[in-house]
Amino acid sequence: MASTSAEDREIAAEQAYVDTVHERLDESAKVAQSLVAEGIARGHVGNEGALVERDAMVYQASRRLSALNAAHDGLVFGRLNLADGESRYIGRIGVRDEDREILLVDWRAPAAAVFYQATAQDPAGVVRRRVLRCAGSTVIGIEDDLLDAAAAPDDMVVVGEGALLASLSRARDSSMHSVVATIQKEQDEAIRAPARGATIISGGPGTGKTVVALHRAAYLLYTDRRRFESGGVLVIGPSTVFMKYIERVLPSLGETSVTLRSVGEVVDGIRASRHDESVAAAAKGSSRMLPVLRRLASAPQPGEPTELRYFYKDDVLRLDARQLAGIRRQLLSGMKRNRAYTRAPAAIADALWRQVSGERALEKGESGFLDVITSDDAFIDFVEAWWPPVDAVELWQTLPDRIGELANGVFNEAELAALKESWADGEPRIEDVPLIDELRYLLGELPEKDDDDDDVPRQLMSFERREREERDDRVRATRSIEDDGYAHVLVDEAQDLSPMQWRMLGRRGRFASWTIVGDQAQASWPHPEESREARAKALDGKPEHVFRLSTNYRNSAEIYDLAALVARHAVPDPDLAEAVRRTGEHPEHAVVDGAQVVAEALERTRSMLDRVEGTVAVVAGRARLAEVDAAFAGLVAEHPDRLRVLDGLDTKGLEFDAVVVVEPDDVVEESESGWRTLYVVLTRATQLLATVGSTERWRAAVS
Ligand SMILES: Nc1ncnc2c1ncn2[C@@H]1O[C@H](COP(=O)(O)OP(=O)(O)OP(=O)(O)O)[C@@H](O)[C@H]1O
C-alpha cells in the first residue's frame, strides 16, 4: 500500500489530465453551441431546403450538446497502463484533442473492452487498471488493481481498496446510478453481446441485471446508431416507480434516444399504474382472454340496427338480421373491422341491389342505383350506425356488461366476479393494457389520413416536432398501430410478464432484436409454463443467446442468507447468487400483538432512518397498505426523499439501504405467488432489514 502522499501525488497527476479533457469537452460544447446558432440563422434564409437543413443541423448539434453536457459528471473514470507502456484513459464518451489524437476512449469502444475484461489470471496486456472517483470534474479518489505485477515498472504506484467494494458500500438515493466504472467481466460479456436474436440475461437478485440491461442499450446505440436510433429502442420495466428509479442511468451515459415505458404504459395515451388483485390479474393475463376479445371485436356493437328497409322507386328493399350478419361475416373475413369501415357502404348497397326487381328501378342500372343510394342521408345514417368506427378503449369499457355472454364457459364464476369488480370504476389497471392493445390490433386502424407531415422521415421532421415527441414520449411516438415496431426491445423483470403481456410486446418486437432480463424465483405471474410458451411465440423462433450473472452486489450476505431460505421455499431450484459483502448486521424480527404491529414498525423505521444515510422502505401487504400509509404519513413528510411506503409488487427492481416489512405473512398469503413476492421484498435491502409481525408463520415455514 502506498503512502498518503504518494496517493496525493497520483491524484494531482490524474487531475491535470482530467482538466485537459474537460477543457477539450468545453471547447466541443462551444462548437456544438455555435452550430445550433448557425443552424437557426440559416433558417432565416427562408426557403424550404434551408429550413430542412436548419432542422437537421440544429437537431444533430443539440443532441451532441446534450450528450456533452450529460457526460460532465464522472467524465473520465478509468485508466489502463498497458505492458507496452501505453496509458489509455476511459470515459463516458470519446474525446479527441485538436489534432484528432484520442484523449479519452468511449467505454463502449473496442479499445475499452479490456478495461472490463482483464483479470489477474488473464491480464490481457493490462498491468494496472485504475478507477478514478470524481465529484463533478474533481478527482477525489483512486482505486487500483495491479493485474500483472511482473510487468509493472519499479516506480508504478498502486493505491486504494478496490473500486467495486467502495462503490457498493455507498448510501442509496432515490435513483439508480450508472456502474460504468466498475462493470464486472461477466456483466461486460452480456452488455457487449451482439444484437442478434434474443439475448437472455438471468441471475438472482442484485446481480446487476437492470444496470447491465441499461448499459447494453447504450452499447447497442453506440455500435449501430443509425439502426437503433431510427428504429427505436424500447425499454420495458415493471412499474412507473421503477421507471423513475432508472431514468437517470441512460442520460448519464449520454443517451437520450431510448423509449422507457413501464408495462402499464406501453400503449400510447394510457397510463395504468395500479395492479389488479390476484384472481382478476390471473384471468386478464391468461391467453384464455384471447377468444373473448376476438369475439368482442367482431360482435355487433350494442345498439346497432338489426334491420334495414329501403324504398327505391317501386321496390321495398330489406335486409334482415340474418342477412346483415352474413354481410358482417363476409367483411370481417377479409380484413380488420375498422379497415372495413370504407367497404361497408358498398357491401350493403351491393346486397340491396341484388333485390331490385321493379322495371322503373332497373332502368337506371346498377350505377344509377349506387349513385342514388350512396348520396342518400338515410342510407349513410344506417351504415354509420351499423358499422361505426370502433375505438379500442371504448370497446374495452363495454367488457363489464358483456363478459358474461362473451366468456361463455372460459372463466368460472369467481373469475367473472373478480373481473367485473376490477372494471367497476372504469379505470384501466396494468393488466388491462394488453387487453386494450389486443383490441387495437383486432380492430385495426381507421383508414384516415393523419396530419400532412406524417410520412416525413424522422431525419427531416421539424426540430420542434421531434423535440415535442421526444419530450412527451421519451423519443418514439407509436401513434399508429402499424407503427409500433422497434429495432430493439429490452424487457426487464421479464419473469413477471403474463401471456397477454408477451403478446403486446411481441407485436412491438416482431422485427427487432431483444434483450430479456429476469429471474424466475422472483416471478409474480403464477403460471410459468404458459408464460414460457407466450414468450417463445413473441420471439418467433429468433435464436437465443443466454448469459447468467452470478454475484449479488446489492444485499449484505446476512440479508441474502435469510432471503435464500425464502427462495428455496418459493421455488424448487432457485438461481441463487453469491453475496459479496458482509456487514455484521443481521436481519431483526419483532413479533408483537396484532394491534401493535404498525406502531412497532413505525418505531423500527425511525431507528433505521437514524442508522442509515440513504433510503428506507416500509413494505406491507395490499390489504393493509392504506392503514400503514396513514400511520407513516407524518414520518414520510419529515423524510420525503428518504422514506417510502410500498406494497410488495411495487418494490420490484428497486433497492433501499434499509427495509421494514410489516406483517410478512400478509405478503405471503395475498396471492399464489406470495412467497416469491416476499423473496423480492427481502432482497431490496442493501444494509438493514427488519420484519414486524403478529406471527412468525413464514419463518417457521422456511427454517
Ligand atoms: N459492476 C457493478 N459495480 C457497482 N455496482 C453494481 C455493479 N453491478 C451491480 N451493481 C449494483 O448492484 C445493485 C443491484 O443491481 P440491479 O438492480 O441491476 O440488480 P438486478 O439483478 O436487476 O436485481 P433484481 O433482480 O433484484 O431487481 C445496484 O445498486 C447496482 O448499482
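**Figure 1. Residues surrounding the ligand in the predicted model.** The ligand is surrounded by 23 residues, the closest being P205, G208, K209, T210 and Y553; a residue is near a molecule if its C-beta atom, placed from the backbone, lies within 6 Å of it. The model is a predicted one, in which local features need pLDDT of at least 70 and side-chain atom pairs count only at pLDDT 80 or more, whereas totals for chains, interfaces and linings use all residues. Residues are numbered from 1 along each chain as its sequence is written. At least two residues of the shell come from each of helix 4 (163–168), helix 6 (209–223) and strand 15 (551–556). Helices (H or I, at least four residues) and strands (E, at least two) are DSSP runs, numbered from the N terminus. By class, the shell holds seven nonpolar, 12 polar and four charged residues. Here Ala, Val, Leu, Ile, Met, Phe, Trp, Tyr, Cys and Pro count as nonpolar, Asp, Glu, Lys and Arg as charged, and the others, Gly among them, as polar. Because domain 2 (185–270 + 452–552) and domain 4 (554–702) both give residues to the shell, the ligand lies between them; the domain bounds come from an automatic or database domain assignment.

**Figure 2. The largest nonpolar core and the surroundings of V233.** Of the 155 residues in the largest nonpolar core, those that touch the most other members are A217, V233, V618, V659, V662 and Y679. Helix 6 gives the largest share of this core, nine residues. Apart from it lies another core, of 14 residues, including I348, A349, F369 and V383. A nonpolar core is a set of buried Ala, Val, Leu, Ile, Met, Phe, Trp, Tyr and Cys residues joined through C-beta atoms within 7 Å. A residue is buried if 20 or more other C-beta atoms lie within 10 Å of its own, exposed if 12 or fewer, and partly exposed in between, with C-beta atoms placed from the backbone. In soluble globular proteins, nonpolar side chains tend to be buried together. Neighbours within four places in sequence aside, V233 is in contact with A217, L220, L221, F228, V258, T259, Y486, A487, H488 and L490; two residues are in contact if their C-beta atoms, placed from the backbone, lie within 7 Å.

**Figure 3. Helix 11 and its packing partners.** Helix 11 comprises residues 289–298, of which M289, V292, L293, L296 and A297 are buried. Seen down the helix axis, the buried residues fall within an arc of 130°, so they line one face of helix 11; the arc is that of the directions from the helix axis to the C-beta atoms. These buried residues pack against helix 10 (278–285), helix 17 (392–397), helix 18 (399–407), helix 20 (433–443) and helix 22 (499–508).

**Figure 4. S286 in the loop between helix 10 and helix 11.** S286 counts as buried because it has 21 C-beta neighbours inside 10 Å. Not counting residues up to four places away in sequence, S286 touches S498, P499 and E530. S286 and R622, 336 residues apart in sequence, are 22 Å apart in space, C-alpha to C-alpha.

**Figure 5. F242 in helix 8 (residues 240–246).** With 22 other C-beta atoms within 10 Å, F242 is buried. Residues up to four places away in sequence are left out of its contacts, which comprise G237, S262, K652, G653 and L654. F242 and E655 lie 413 residues apart along the chain, and their C-alpha atoms are separated by 10.0 Å.

**Figure 6. L319 in strand 11 (residues 315–319).** L319 is buried, as 22 other C-beta atoms lie within 10 Å. L319 touches E307, L308, L324, A351 and L352, when residues up to four places away in sequence are not counted.

**Figure 7. A124 and E663, two residues with positive phi.** A124, which is not a glycine, has a positive phi of about 50°. A124 is placed in the loop between helix 3 (113–117) and strand 5 (126–135) and is partly exposed, with 15 other C-beta atoms within 10 Å. For E663, also a residue other than glycine, phi is near 50°. E663 is placed in the loop between strand 20 (656–662) and helix 27 (664–669) and is buried, with 24 other C-beta atoms within 10 Å.
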